[in-house]
Amino acid sequence: MSKKRIFLFDVDGTLTASRAVITDKMLDFMKDISSRVTVGIVGGSDEAKIVEQLDGHTEIATYLFSENGLVAKKGSEVIGKTSIVEKIGNDKLQDFIKLLSCLHV
């Protein structure tokens, strides 16, 4: 049985400086590695911001996980989508937000 592997790369602070566009050197590296292994890109931002940071070079990844993994795409096809509100409900989310605001972190 062959094992399937996916190499996952975060956007901010890994592929790019925080909120910046990918450098030519990193882009060349990603083009090289994506020709040899399956690559996924993960980011906390929405897809539009991630694509902007990749300077439109979405071909460097088979998978794109935006919004902290809440939206998953393979190529242009959405293969998964959820929201925290769907999972825990708005009341619990609001309670959690109130708790966090009390912590003064």
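**Salt bridges, core and surface of the predicted model**

E47 is partly exposed, with a relative accessible area of 29%, where buried means under 20% relative accessible area, exposed over 50% and partly exposed in between (1.4 Å probe, protein chains only). The structure is a predicted model, in which local features need pLDDT of at least 70 and side-chain atom pairs count only at pLDDT 80 or more, whereas totals for chains, interfaces and linings use all residues. Residues are numbered from 1 along each chain as its sequence is written, and side-chain values use heavy atoms, with hydrogens and water left out.

E47 is the partner of K73 in a salt bridge, with the closest N and O atoms 3.0 Å apart; a salt bridge is taken as a side-chain nitrogen of Lys or Arg within 4 Å of a carboxyl oxygen of Asp or Glu. Helices (H or I, at least four residues) and strands (E, at least two) are DSSP runs, numbered from the N terminus. In contrast to the partly exposed E47, K73 is buried, its relative accessible area being 12%.

In total, three salt bridges are present in the structure. Another of them connects K49 with E52, whose closest N and O atoms lie 3.1 Å apart. Both residues are part of helix α2 and are separated by three residues, about one turn of the helix. K49 is buried, at 15% relative accessibility, while E52 is partly exposed, at 48%. A further salt bridge is formed by D32 and R36, with a distance of 2.6 Å between the closest N and O atoms. Here D32 is partly exposed, with a relative accessibility of 38%, and R36 is exposed, with a relative accessible area of 57%.

The overall fold comprises four helices and five strands. Read from the N terminus, these elements follow the order β-α-β-α-β-β-β-α-α. Along the principal axes, the C-alpha atoms occupy a box of roughly 45 × 35 × 25 Å. Buried residues make up 26% of the 105 residues. Contacts were defined by heavy atoms within 4.5 Å. Among contacts with a separation of 6 or more, 48% involve residues 24 or more positions apart.

The largest nonpolar core contains 14 residues, of which L15, M30, V39, I41, I50, L54 and I60 touch the most other members. Such a core is a set of buried Ala, Val, Leu, Ile, Met, Phe, Trp, Tyr and Cys residues joined through side-chain atoms within 4.5 Å. Two or more residues of this core come from each of α1 (24–34) and β2 (38–42). The largest contribution is that of α1, with three residues. When neighbours within four places in sequence are set aside, M30 is in contact with F9, L15, V39 and I60.

Contacts of individual strand residues were also examined. F7, located in strand β1 (residues 6–10), is partly exposed at 33% relative accessibility. Beyond its neighbours within four places in sequence, F7 is in contact with I33, V37, T38, V39 and G40. The C-alpha atoms of F7 and G43 are 14 Å apart in space, for a sequence separation of 36 residues. G43 is also one of the residues touched by S66, together with S45, D46, E47, I50 and V71, not counting residues up to four places away in sequence. S66 lies in strand β3 (residues 63–66) and is buried, with a relative accessible area of 2%.

The accessible surface of the protein amounts to about 7400 Å², and carbon and sulfur atoms account for 55% of this area; accessible areas come from the Shrake-Rupley method with a 1.4 Å probe, and for residues only the protein chains shown count as cover. A nonpolar patch on the surface is formed by F96, L99, L100 and L103, which together have about 380 Å² of accessible area. Patches consist of residues with over 30% relative accessible area and no salt bridge, in which like charges are joined within 9 Å and nonpolar side chains (Val, Leu, Ile, Met, Phe, Trp, Tyr) within 5 Å. L103 is located in helix α4 (residues 90–103).
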